[in-house]
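Subject: Structure handover

Hello,

Here is the structure for you to look over. My notes on the strands and the core follow below it.

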Amino acid sequence: MLTLANLSILLLLAGIGAWLWHTHGLRERALAAVRQHCAKTGVELLDDNVALRSFGPHPDARGRQRMARIYDFEFTVTGEQRYNGSIVMFGRHVARIELGAHPFPAPSHPSRQSAEVIQLDQWRRKHPLHKQHHH
């Protein structure tokens with residue numbers, strides 16, 4: 001027979017299971033956001049992992065305290081050295097991703113604009129409307 005005590009324990013266990021399932025989903029969401037951020041910034045996520053550092057009140061962009069999960073991760077620029085990063089999550093929302101101090105990767109090809117030198121006299125001849133006015 002199912003007693004009130006047994007029912008309470010069963011509901012408690014079900015609640016804990018649901019909370020753990022929800023937490024796992026948030027961790028996966030944080031990992032996906034970190035992967036995307038690392039790809040966008042040209043660094044490599046190491047160990048394909050984020051680790052929960054803390055869960056508790058944390059100020060949001062407006063300074064209000066909200067419950068947040070902060071995950072840590074490691075990344076590399078050159079493959080030789082590890083650097084630390086973190087992601088702050090308010091529920092399913094990514095609040096911020098921070099990469100620790102690191103050297104920036106060298107561009108794979110110099111941009112065309114940075115390689116082009118413009119001679120001022122030639123530019124003025126091509127753009128006569130921008131002549132200097134002397135007062």
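Strand 1 (residues 44–45) pairs with strand 3 in the antiparallel sense, over two bridges. Pairing here requires at least two DSSP bridges between the strands. Helices (H or I, at least four residues) and strands (E, at least two) are DSSP runs, numbered from the N terminus. E44 has T76 in strand 3 as its bridge partner.

A caution on the source: this is a predicted model, where local features need pLDDT of at least 70, side-chain atom pairs count only at pLDDT 80 or more, and totals for chains, interfaces and linings use all residues. Residues are numbered from 1 along each chain as its sequence is written, and side-chain values use heavy atoms, without hydrogens and water.

Strand 2 (residues 51–59) pairs with strand 3 over eight bridges, antiparallel. There, P59 stands opposite Q65. Five residues separate these two strands in their hairpin, and G63 takes a positive phi near 90°.

Strand 4 is antiparallel to strand 3, over seven bridges. E74 has N84 in strand 4 as its bridge partner. This hairpin has six residues between the strands, with G79 at a positive phi near 90°.

Now the largest nonpolar core: 16 residues, with V34, V50, Y71, F73 and I87 making the most contacts inside it. Such a core joins buried Ala, Val, Leu, Ile, Met, Phe, Trp, Tyr and Cys residues through side-chain atoms within 4.5 Å; buried means under 20% relative accessible area (1.4 Å probe, protein chains only). Helix 1 (4–41), strand 3 (65–76) and strand 4 (83–90) each give two or more residues. Helix 1 gives the largest share, six residues.

Best wishes

Terms used. Buried means under 20% relative accessible area, exposed over 50%, partly exposed in between (1.4 Å probe, protein chains only).
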